[in-house]
Amino acid sequence: MVVPRPRHACLRPAAAAALAWWLVLGVAPDVAAQPVVEAPERAAPERAAPEREGDEPVDAPPDGEGAGGAAAAAAGPNGGGDGDGDGDGDGEAAPVATAAVRYTLEGLEVEGNERTSLPVILRFVPFSVGDVLDVADEELELTRYRLLGTGFFSSARLSLKKGSKRGAAVLVVHVTERNTLVVQNLSMGIAADEDADGNAKPLSPFLGVEAAETNLAGTGILVGARLGLAADQWTLGARFADPAVLGSPWSLSASFYYADARDFFGNRQVSFESPGLVSERAVTDYAVVAYKRLGGTLGAGHDLAVATRLSFDYRLERIAAIVPTVASHLRGATREPIDFDIEPGVSVLSELRAGVVYDTRDTPFLPKRGVVTGLQLGAGLTPLGSSYGFAKAEAELRAWWSLPWSHVVGLHAEVGAIFGAPPFFERFYVGDYTDLLPDRVFGLNPDRRQPPNYLGTDIAEVRYGDYAARLAGEYRIPLYAGTGSVYGVDFFALVGLYAVAAKRDLVDPPSGYSGAALAPLDLTYNLGFRVETYVGGFSLAFSNLLGLLPGRGGDRK
């Protein structure tokens, strides 16, 4: 499935004080009994320890295997640099090997694992006894990244040990385990409305937290739970994932969720009648839809390669919605009826999804190099009882490059399209694409504001859309790296452009706009700190605070 952006796991300004208290009080670090040999480039650096006699880095041959192997070791896995595998080129120039260095794999050994079982670790190592191992094979480094990507280890290193005969070698996997009871998502902030001048009117706080044990009893099994709270809204859920069902190469996942939620429709001068929601008449600026969702998913996955994974899942849920009987608003300068995009009363959502992800990041939360890209396709299946027939496609690309002065630049791009008639909560929400409005919290939408509209376009008329795109660039400055409760702290700044539009916005745009203003796009930006800790990664972002500033252009509520 498409990998979600890291911005969903963020602490809004209201949560910064709470995290500060946690940092002051401290949490005992997870110290492995056997430190690893070499520290990879990541936010949680490892402490060095003497290598065992006979061990060699994976990009160097075991001793006594000839001059060609020594040349390859000096040159590093890519034929250049200092041979330490970090790609920084800080060593002296070395001759490039003229021939590949290969060994027959005689065995595999794992060191440093105290909780994680041996089969779980070897599941992520795509080499077997008898394989011919090329020390320059890119899969060796991807294997290390994949081990780090599990979240089970704060470090991972591969090395070779001399085999029983010439041309044979043993692959040794060194790991340092980390805490696996983690907070996977944490979102806190203030939901707001706005006045006619675009000034924010804070309404109420919201909270979303998801925690999981990602390596239950060392088996690699994940069990987790989540809770979301907002004004007059709440949701809870649980999930389970087994990366190797009965020792097979297939994974199995399942989830359950329930939501009692509200959403708000209408741009300006909203008029509506809803006998089923008498209490909501106090919300005079919006037509309110109250709905409940009860459902679950069942999925499976399979690795296509070291860095590529295929997944499938089926979702079934029951929806009960109370929808206004009549509602209208000003769209542009014209009064029009409001389409709520949900069936009143009880309806069913039955959806089948398939996705593929390619991931070469060197570490999941604070990557310095690598790419993660994904494609997800979904379809509402009316033959399987769905009240909603639709097709949905999403694609995402994120890439990072480490600069010579140790800073990091990133590029984030995503695009999506929907065809048919899904329920509104399956459509693209503008707040999920601009950093200046809160994301949805596990499906809850606590905020009522329109986007800031810095470019003065008809994006001010959009809340949900059938098409969406986002392109952003990010610059990160590492500030701290350690091995205690806090593994790493980076400052980041992001700027980008996004667009969200419904089909009607393209074929029948709102009145009152002309020229370039008919393109529903706007600027987004963010800055703050990303912190990787013993209990997970957090973004201390200031976007929610920046989003409380008045809009710069376009018609506002």
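Predicted model: local features only at pLDDT ≥ 70, side-chain atom pairs only at ≥ 80, totals over all residues.

Q: Why is Leu227 called partly exposed?
A: Leu227 has a relative accessible area of 34%. Buried means under 20% relative accessible area, exposed means over 50%, and partly exposed lies in between (1.4 Å probe, protein chains only). The value for Leu227 lies between these cut-offs, and therefore the residue is called partly exposed.

Q: What makes the nonpolar surface patch, and which strands supply at least two of its residues each?
A: Leu227, Leu229, Trp234, Leu236, Phe256 and Leu294 make a nonpolar patch of about 490 Å². Patches are made of residues with over 30% relative accessible area and no salt bridge; like charges are joined within 9 Å, and nonpolar side chains (Val, Leu, Ile, Met, Phe, Trp, Tyr) within 5 Å. Leu227, at 34%, therefore passes the accessibility cut-off. Strands β9 (222-230) and β10 (233-242) each supply at least two residues of the patch, and Leu227 is found in β9.

Q: Why does Asp232 count as exposed, and where is it found?
A: Asp232 has 57% relative accessibility, and therefore counts as exposed. Asp232 is found in the loop between β9 and β10. Its phi is positive, about 60°, although Asp232 is not a glycine.

Q: Why does Leu246 count as exposed?
A: Leu246 counts as exposed because its relative accessibility is 87%. Leu246 is found in the loop between β10 and β11 (250-265), and its phi, near 50°, is a positive value in a residue other than glycine.

Q: What makes the pairing of Asp263 and Arg463 a salt bridge?
A: A salt bridge is a side-chain nitrogen of Lys or Arg within 4 Å of a carboxyl oxygen of Asp or Glu. The N to O distance between the side chains of Asp263 and Arg463 is 3.0 Å, and therefore the pair is a salt bridge. The pair links distant parts of the chain, with Asp263 in strand β11 and Arg463 in the loop between β21 (428-429) and β22 (464-465), 200 residues apart. Both Asp263 and Arg463 are buried.

Q: How do you know that Glu317 and Arg315 are buried?
A: Glu317 has 2% relative accessibility and therefore counts as buried; Arg315, at 5%, likewise counts as buried. The side chains of Glu317 and Arg315 meet in a salt bridge (3.5 Å, N to O).

Q: Which network do salt bridges that share partners form?
A: The side chains of Lys392 and Glu426 meet in a salt bridge (3.6 Å, N to O), and both residues are buried. Salt bridges that share partners join Arg293, Arg315, Glu317, Glu351, Lys392 and Glu426 into one network. The structure holds 30 salt bridges.

Q: How many of the residues of the protein chain count as buried, and how many helices and strands are there?
A: Of the 557 residues of the protein chain, 52% count as buried. The secondary structure comes to six helices and 26 strands; helices (H or I, at least four residues) and strands (E, at least two) are DSSP runs, numbered from the N terminus.

Conventions. Residues numbered from 1 in each chain as written. Heavy atoms only, no water. Areas by Shrake-Rupley, 256 points an atom, 1.4 Å probe, with all protein chains shown as cover.
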